[in-house]
Amino acid sequence: MRGSESAPVFPPKPPSEKLLCTIAHNFCRDMNPTAFEEAGCAVCGQLTILQELTPLRDLTFPLDILERDGVTQMERGFDDRHEAQEIEGPVLDLACDSVCVECEEHLSKGVVPPLALANGFWIGPIPEVLQGLSFAEKLLVARIRHNRCLVRVSSGRAKMTGNVIMFSNPMLKGYKELPPTRAELEDVLAFIFTGPVQPTPDDFARTPMLVRRNKVADALAWLKINHRD
Ligand SMILES: [Zn+2]
């Protein structure tokens, strides 16, 4: 292009020192932990940028309006001699010590935030016995089943590959007795091996569908004592 000043020049000049400084500065600003570090709000439980949270101890108003009956329940462990107790005081996520802007705004006006845990959203921490259950183990302790699952595993020369498909169940299934019997489970879970040869015991041992009997028994015993249903 002849005579035009705005015509792009090739090769372009190296960036100026000022531009380099701006790029480095913006990168450092965006990568600073304060720009993206999050923590939970004790009132609604939602993750919020750390900078926008107010520590509970800095609040100038009481949290009495968050006190509700029948929302929380203390873990009874494996001891069923006593009735389930509620957690005293306002319904808060005790693992968090701050409040998000939205909740603070509502509370300062004396209104319970719509998404507050006190509005029946409290579920408490995940108990130890229910942590780390595999997919198949979760199937065995759930009372309601709303989908079916098909697992296909093809064994090759070096490794097994597989894919899982979930279908929604046209009829919700509710179990009266847990764990469901093998025949009942066959309605909702299918596990297919494909490949040139029959699966070996070694292949079975490596499938993700194995169930640890004790884990399931512990989870069910805990649920019997602690779950409302
Ligand atoms: Zn909140």
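Domain bounds here come from an automatic or database domain assignment.

Q: Which domains does the assignment give for the protein chain?
A: This is a predicted model, where local features need pLDDT of at least 70, side-chain atom pairs count only at pLDDT 80 or more, and totals for chains, interfaces and linings use all residues. Residues are numbered from 1 along each chain as its sequence is written, and side-chain values use heavy atoms, with hydrogens and water left out. On that numbering, the assignment gives domain 1 (11-125) and domain 2 (129-226).

Q: How many residues does the contact take from each domain?
A: The C-alpha centres of the two domains lie 35 Å apart. Counting contact as heavy atoms within 4.5 Å, the tally is eight residues from domain 1 and six residues from domain 2.

Q: Which three residues supply 68% of the area that domain 1 buries against domain 2?
A: Buried area is the accessible area (1.4 Å probe) that two parts lose on being put together, summed over both. Between domain 1 and domain 2 that comes to about 570 Å², with 56% from carbon and sulfur atoms. On the domain 1 side, the 68% comes from Glu 75, Arg 76 and Phe 78.

Q: Which residues coordinate the zinc ion?
A: Donors are N, O and S atoms within 2.8 Å of the metal (3.2 Å for Na, K and Ca); water is not among the atoms, so sites may look incomplete. The donors of the zinc ion follow the spacing C-x2-C-x55-C-x2-C along the chain. Their SG atoms sit at 2.2 to 2.3 Å, and the residues are Cys 41, Cys 44, Cys 100 and Cys 103.
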